[in-house]
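Subject: Structure handover

Dear colleague,

Here is the structure I said I would pass on. My notes on what was found in it follow below.

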Amino acid sequence: MCTVPPPLVERGGLALAAIAHAEPRLRLSGRDVAKLAVLAGEWFQRGADMPDLREALVVGLPEVVHSPGALVRNRLTRKMPSTPTFAEQREADRRTTASPRVSEMRECAGHHVQPRLFRPVDGETLCPACRSDDDAEAGVAPAIDAAVRGGAAARELLHARRAGAAA
């Protein structure tokens, strides 16, 4: 048996307690959980996850379990997953390693003192600041001015009507 790091031993103990809580035939005492936590932690160290552990302990249980601690020890030992090879560990690391957040970003094609990265939504080549500058140059600003003037005119009309109704 190899040395299991304390966080995995703790995780193993919590997993055994959760399984024992969910399956009445595997009710373990606190002493049993403490003794078996190292074995469960070794499962996690070898790449197993909670469903693997639960399946190994629960599937095919007899109707009556006279010694839950002995049965769990036997199953944890007998069904222990093999230690992954170095190549398998590397492949697993490669699959689980998330891509860096920067890999999703693109450099803006606009004019900046330093390169500016942004996350494109639909294949844009300009950052939001450059796109808004382009929009202003393309005539969006006059449209905004017209909307502001229209709102002011509507407010004046409403005030005039209220003033006329009050008089």
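A residue counts as buried under 20% relative accessible area, as exposed over 50%, and as partly exposed in between. R119, with a relative accessible area of 41%, is therefore partly exposed. The burial terms below are used in that sense.

Confidence

The model is predicted. The average pLDDT of the protein chain is 85, and 88% of the residues score at least 70. Helix 4 (residues 68-78) has the highest confidence, with a mean of 96, while helix 6 (residues 128-137) has the lowest, with a mean of 71. Where pLDDT is low, the predicted coordinates should not be read in detail.

Overall layout

The protein chain contains seven helices and two strands. Starting at the N terminus, the order of elements is α-α-α-α-α-β-β-α-α. Of the 167 residues in the protein chain, 23% are buried. Among contacts with a separation of 6 or more, 51% are between residues 24 or more positions apart.

In helix 4, the buried residues are P68, G69, V72, R75 and L76. Viewed down the axis of helix 4, these buried residues fall within an arc of 135°, so they line one face of the helix. An α-helix has 3.6 residues a turn, so residues three or four places apart point the same way. The packing partners of the buried residues of helix 4 are helix 1 (6-22), helix 2 (30-45) and helix 3 (50-58).

Helix 3 buries L53, A56 and L57. Down the axis of helix 3, its buried residues fall within an arc of 90°, so they too line one face of their helix. They pack against helix 1, helix 2 and helix 4. Just after helix 3, G60 has a positive phi of about 80°.

Salt bridges

How many salt bridges does the structure hold? There are three.

- R25 and E23 form a salt bridge, with the closest N and O atoms 2.9 Å apart. R25 is partly exposed, at a relative accessible area of 28%, whereas E23 counts as buried, at 13% relative accessibility.
- R46 and E42 form a salt bridge, with the closest N and O atoms 2.8 Å apart. R46 is partly exposed, with a relative accessible area of 22%, and E42 counts as buried at 2% relative accessibility.
- E104 and R119 meet through their side chains in a salt bridge of 3.3 Å, N to O. This pair links distant parts of the chain, 15 residues apart: E104 is in the loop between helix 5 (86-96) and strand 1 (106-107), and R119 is in the loop between strand 2 (117-118) and helix 6. E104 counts as partly exposed, at 46% relative accessibility, and R119 is partly exposed at 41%.

Aromatic rings

What lies over the face of F44? The residue there is R11, at 4.0 Å from the ring centre. The structure has zero aromatic pairs.

Regards

Definitions and conventions. Residues are numbered from 1 along each chain as its sequence is written. Side-chain values use heavy atoms; hydrogens and water are left out. pLDDT is the predictor's confidence in each residue, from 0 to 100. Helices (H or I, at least four residues) and strands (E, at least two) are DSSP runs, numbered from the N terminus. Rings of Phe, Tyr and Trp (its six-membered ring) pair if their centres lie within 6.5 Å; planes under 30 degrees apart count as stacked, over 60 as edge-to-face and the rest as tilted. A charge sits over a ring if NZ of Lys or CZ of Arg is within 6 Å of the ring centre and within 35 degrees of the ring normal. Buried means under 20% relative accessible area, exposed over 50%, partly exposed in between (1.4 Å probe, protein chains only). The arc is that of the directions from the helix axis to the C-beta atoms. Contact means heavy atoms within 4.5 Å. A salt bridge is a side-chain nitrogen of Lys or Arg within 4 Å of a carboxyl oxygen of Asp or Glu.
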